[in-house]
Amino acid sequence: MIRKFIKEYGLWYLIYGLTAGLFCLTFWLYHLPLEYFINSLALNIVILLGFSLWLYVRFYSKLKQLNITTINFEPADFKRWQSPSDRAYQAIIANLKAKEAELLLEAVQERDRLEAMIKMWSHQMKVPISALSLMAQTQQLDKNEVEQQLQRLQNYLNTLLAYLKFSQHNDDFRFELISVRELAVDLIKTYRTLCLAKNLSVSIDGDWRVKTDKKWLTFALAQILDNAIKYSHENSQITLTMTDQSVTVSDQGMGILPEDLPRLFEEGFTGYNGHEHQKATGFGLYMTKQILDSLGLTIAISSQVGQGTSVRITKA
């Protein structure tokens, strides 16, 4: 502890010694009586020793208190230390503890949200799994129906993995010039079973060549197309219209209530359609919005109940 004390205040003692040496040199050069200097120096050394003892006790007590409260710091524990520098350090530590508490609260909330989301997703995935299990038990395996249920499972799994990746900020964007028409064609082939099950016709008009991340834009378009198929009436049409600045996916489905439109991109929001048909997780459009924002693209939705919905993606 003495070594720490010397390290803390050694410079001041060195300055004091140098000052005393200069006074001694001055007395010697001007041939002044050194006994006056020696008497004065002795008195100062006595005072200095007393002050040093008080300073050391204070220093020892302060370090001891700091060692005790390193983990559970409370500003009240240091109310005796009221120098400007002490107050500044206390304010810094208090701010750090406040930020730590905020980060901890965010981590707890994220964990709770993740647990709730996984439970909800597990419930959603039970539906196609139960359908497949029932078909297997009754030995009535219809090829088209099996493909539909497997497609639903794949969609839920892809959305879940994308959510986990984004929540952990593990983005791996790779921007390149792509054709949105080619992406749409591949997606329609992927969703052909679901389209055939409802006898939906899908048309593509134009093309949009944009520099973006192919994988994540495909995911966003897949979510939009999946919703269009999910909420379309049987024997209706889905249209993908592309320009050199945008792509619009339009359906002739049930539409969206006006009061639900402003909240479609909120995390976990399903709206009337999702509650009514028990098909929505409330994370598809939320994830789509997050991804498109990261890609520098915007999304807008317009809809009329009973007439259909249009989703437009454009450059920001």
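Phe5, Tyr9, Tyr13, Tyr56, Phe59 and Tyr60 come together in one aromatic cluster of this model, which is a predicted one. The structure as a whole holds eleven aromatic pairs, and one of these is formed by phenylalanine 5 and tyrosine 9, whose rings are tilted, with 5.1 Å from centre to centre and 45° between the planes. Both residues belong to helix α1, where they stand four residues apart, about one turn of the helix. An α-helix has 3.6 residues a turn, so residues three or four places apart point the same way. Phenylalanine 5 is buried, and tyrosine 9 is buried as well.

A further tilted aromatic pair joins phenylalanine 27 to phenylalanine 37, with 5.5 Å between the ring centres and 45° between the planes. Because phenylalanine 27 sits in helix α1 and phenylalanine 37 in helix α2, this pair ties together parts that are ten residues apart in sequence. Both phenylalanine 27 and phenylalanine 37 are buried. In the loop between α1 (2–29) and α2 (34–68) lies histidine 31, and this residue counts as exposed because its relative accessibility is 72%, where the cut-off for exposed is over 50%. Histidine 31 also has a positive phi, near 55°, although it is a residue other than glycine. Most residues other than glycine have a negative phi.

With these helices in view, the chain can be described as a whole. Its secondary structure comes to nine helices and seven strands, and of its 316 residues 34% are buried. Among the contacts in the chain with a separation of 6 or more, 67% are accounted for by residues 24 or more positions apart.

The next step is the packing of helices against each other. Two packed helices are described by the angle between their axes and the distance between the axes. For helix α3 (residues 84–137) and α4, the axes come within 9 Å and cross at roughly 170°, which means that α3 is roughly antiparallel to α4, since angles over 145 degrees are counted in that way. On the α3 side the residues in contact include Glu110, Arg113, Trp121 and Met135, and on the α4 side they include Glu145, Arg152, Tyr156 and Thr159. Sorted by class, the contact of α3 with α4 has 16 nonpolar, four polar and four charged residues.

Helix α7 (residues 214–230) and helix α9 (residues 284–294) also have axes that come within 9 Å, and these axes cross at roughly 150°. The two helices, α7 and α9, are therefore roughly antiparallel to each other, and their crossing is left-handed. In the contact, Trp216, Leu217, Phe219, Ala220, Gln223, Ile224 and Asn227 of α7 meet Gly284, Leu285, Met287, Thr288, Ile291 and Leu292 of α9. By class, this contact of α7 with α9 has nine nonpolar, four polar and no charged residues.

Glutamine 223, in helix α7, deserves a separate look. Because its relative accessibility is 10%, glutamine 223 counts as buried, and, leaving aside residues up to four places away in sequence, glutamine 223 touches Thr159, Gly284 and Thr288.

Helix α9 has its own set of buried residues, namely Gly284, Leu285, Tyr286, Met287, Thr288, Ile291 and Leu292. What covers these buried residues of α9 includes α4 (143–167), α7, β6 (297–304) and β7 (308–315). Just after α9, glycine 296 takes a positive phi of about 80°.

Alanine 316 touches Gly296, Leu297 and Thr298, when residues up to four places away in sequence are not counted. The C-alpha atoms of alanine 316 and leucine 295 are separated by 9.0 Å, while the two residues are 21 residues apart along the chain. Alanine 316 counts as exposed because its relative accessibility is 75%.

Phi of asparagine 199 is near 55°, which is a positive value in a residue other than glycine.

Technical notes: Residues numbered from 1 in each chain as written. Predicted model: local features only at pLDDT ≥ 70, side-chain atom pairs only at ≥ 80, totals over all residues. Heavy atoms only, no water. Buried < 20%, exposed > 50% of the residue type's maximum accessible area, 1.4 Å probe, protein only. Axes fitted to C-alpha atoms, helices over the stretch in contact; angles between N-to-C directions. Parallel < 35°, antiparallel > 145°, perpendicular 65-115°, else oblique. Left-handed = near helix turned anticlockwise from the far one by under 90°. Contact = heavy atoms within 4.5 Å. Nonpolar A, V, L, I, M, F, W, Y, C, P; charged D, E, K, R; others polar. Phe/Tyr/Trp six-rings, centres within 6.5 Å; stacked < 30°, edge-to-face > 60°.
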